[in-house]
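Work through the exercises below with the model open. Try each task before reading its solution.

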Amino acid sequence: MKQPFFYDITLRDGNQALKKPWELKDKKVIFEKLLELNVQGIEVGFPASSDMDFEACKALSLMAPDNLVVSGLARCVSNDITTAIEAIKEAKIPRVHIFMTLSPFHMKYVLNKTPEEAKKIVIEKTKFAYEELKKVNKNGQIQFSVEHFGDCEDNLDFVIDTLKEVVQMGATVLNLPNTVERHRPMHLIKMVERVRNEIDDSVTISVHNHNDLGMATATTVESYFAGAVQLECALNGLGERTGNTNFYEVAVALHNSGVDVPVDLSKIYETALIVAQMSKVPIWEKAPLVGPDALAHRSGIHQDGALKTKDMEKGAYRPIHPSLIGRKDDERIGFTSQSGKTAIFEIITKAGYPITLQEAIRIAPIVKEAAEKVGELPSGRIIDIYFNETFNIKGDFKLKEFKHIKNGEFEFDFTHKSKEFNIKGIGNGPLDACMNAVKEAGFDVQLIHYEQSALDEEILGSGSTAMSVVQLKGNGKEVIARARHSSTAVANIKAIFNALNLLYK
Ligand code: KIV
Ligand code: ZN
């Protein structure tokens, strides 16, 4: 199978559909991006459409690298053709792209011509374009497009006969556009296959699919497997009405199908953002690959699968690894009422705070309740809940004061429900003394694990903070609780009281 030839039409079909078509300086930016993507051909514009476009086509032709096909569009009209030649002749490989409809409907109602009249014009103008172009550039190429090819099912024999003559006149690329997408992909693919089988192998068959029913990518990808080597695509799917075939989707779909795609896929994401900005056509939230939501997971099941396969090339709920298209932002976990513990664990850990799965399970209902009211919660809100619910656990135990009396001796003032306690605790440090005081107050609890660390000052944006984590057993439960304070001793005692409030809930 031949390598696909990526022929970009952003600067022509994409541009002609913009509310404010690009000037040369804008076209230059897009042109550079296309070179970075390593496309094989660029249709730089429609030179006869305006002086501005003529100048832009001329300037871009001069900037083109030697191996790039630079193409200018022209109707089957002598003046369009000579203007296009004048605009692109300085490129190393200039191509004049002429087009005319051969669909019965369009010939009759739009062109007002009989098929014979249309065929005659096409053949004459192809010959004219070929001869004029070869006079000024020996490398020149002619591409002919059957506008509305998708509507030519009933006169396909006539179209193929015309195409054979067009090839005789010097065209080496035959483009078969689905100018308006009206049917399922197979409708066009079968027609493309037929043309491929009837036209000499030395001629390149091309497809150019509009996206009126949202299937342009599928039609283009499958047309490649049916023998179309040149694939006409536009960045961000720009183009008339619902646009042209999306470049990124075709490139990635072929890559995922094992095709050797001659495009630098890693430039896709950055290009998409620039094109959105320059075209003022924002990227739809749900746009495949490059949309803000393309890597967002909101349901608990999807979040779990996504996180388990995060670093793997194949992901549980994504078609590619984001790095393939140069997308740096990881799969995004968006917390809604549909999300769960895994998302909380991930969001808090990613923000740089410590959390155990047990804690995430405990606070999940509280976070979910907040999300039920407002929808997707910003991570700042989840972090606030995490701080309130893990560092300051409210309950029946309230520590009022604790004092260091002398070596190994402390005094604890606390209440449980309405009962007041003032207990002297003896022990090897405040933590041990506090545990002994709690036991003396009649609560049978055991310290299973204890850890102390410093919370990252940068994250908290405050002075140094000690964090204590305790694991306590009692009242038939086992819990983990934490607390933070500038004093290690206070952090320890507060962590115990947080744990007690969880044990005796
Ligand atoms: O959609 C179309 O048919 C076109 C042609 C000019 C190729 O854009
Ligand atoms: Zn088009």
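## Exercise 1: a three-stranded sheet

The strand order in this open sheet of three strands is β11-β12-β13, with antiparallel pairing. The model is predicted: local features need pLDDT of at least 70, side-chain atom pairs count only at pLDDT 80 or more, and totals for chains, interfaces and linings use all residues. Residues are numbered from 1 along each chain as its sequence is written, while chains are lettered from A and ligands numbered from 1 in the order in which they are written.

Task: find which strands stand at the edges, and say what packs on the sheet.

Solution.
- Step 1. β11 (397-406) and β13 (419-426) each have a single partner strand, so one side of each has no neighbour in the sheet. Strands are DSSP E runs of at least two residues, and helices are H or I runs of at least four, numbered from the N terminus. Strands pair if DSSP finds at least two bridges between them.
- Step 2. Eight bridges link β11 to β12 (residues 409-416). Phe-402 stands opposite Phe-412 in β12.
- Step 3. Helix α16 (residues 430-440) packs on the sheet and touches β12 and β13. Its direction makes about 135° with that of β13.

## Exercise 2: two helices

Task: describe how α9 and α10 cross, then list the residues in contact.

Solution.
- Step 1. The axes of α9 (residues 216-225) and α10 (residues 247-256) come within 9 Å and cross at roughly 45°. Axes are lines fitted to C-alpha atoms, for helices over the stretch in contact; angles run from 0 to 180 degrees between N-to-C directions.
- Step 2. The two helices are therefore oblique to each other. Under 35 degrees counts as roughly parallel, over 145 as roughly antiparallel, 65 to 115 as roughly perpendicular, and the rest as oblique.
- Step 3. α9 contributes Thr-217, Thr-220, Val-221 and Tyr-224 to the contact; α10 contributes Glu-249, Val-250, Ala-253 and Leu-254. Contact requires C-beta atoms, placed from the backbone, within 7 Å.

## Exercise 3: burial of α10

Task: how many residues of α10 are buried, and what covers them?

Solution.
- Step 1. Eight of the ten residues are buried. A buried residue has 20 or more other C-beta atoms within 10 Å of its own, an exposed one 12 or fewer, and a partly exposed one falls in between, with C-beta atoms placed from the backbone.
- Step 2. The cover includes β1 (5-8), α9, β8 (230-233) and α11 (268-279).
- Step 3. Gly-258 follows α10, with a positive phi near 85°.

Definitions and conventions:
Contact = placed C-beta atoms within 7 Å.
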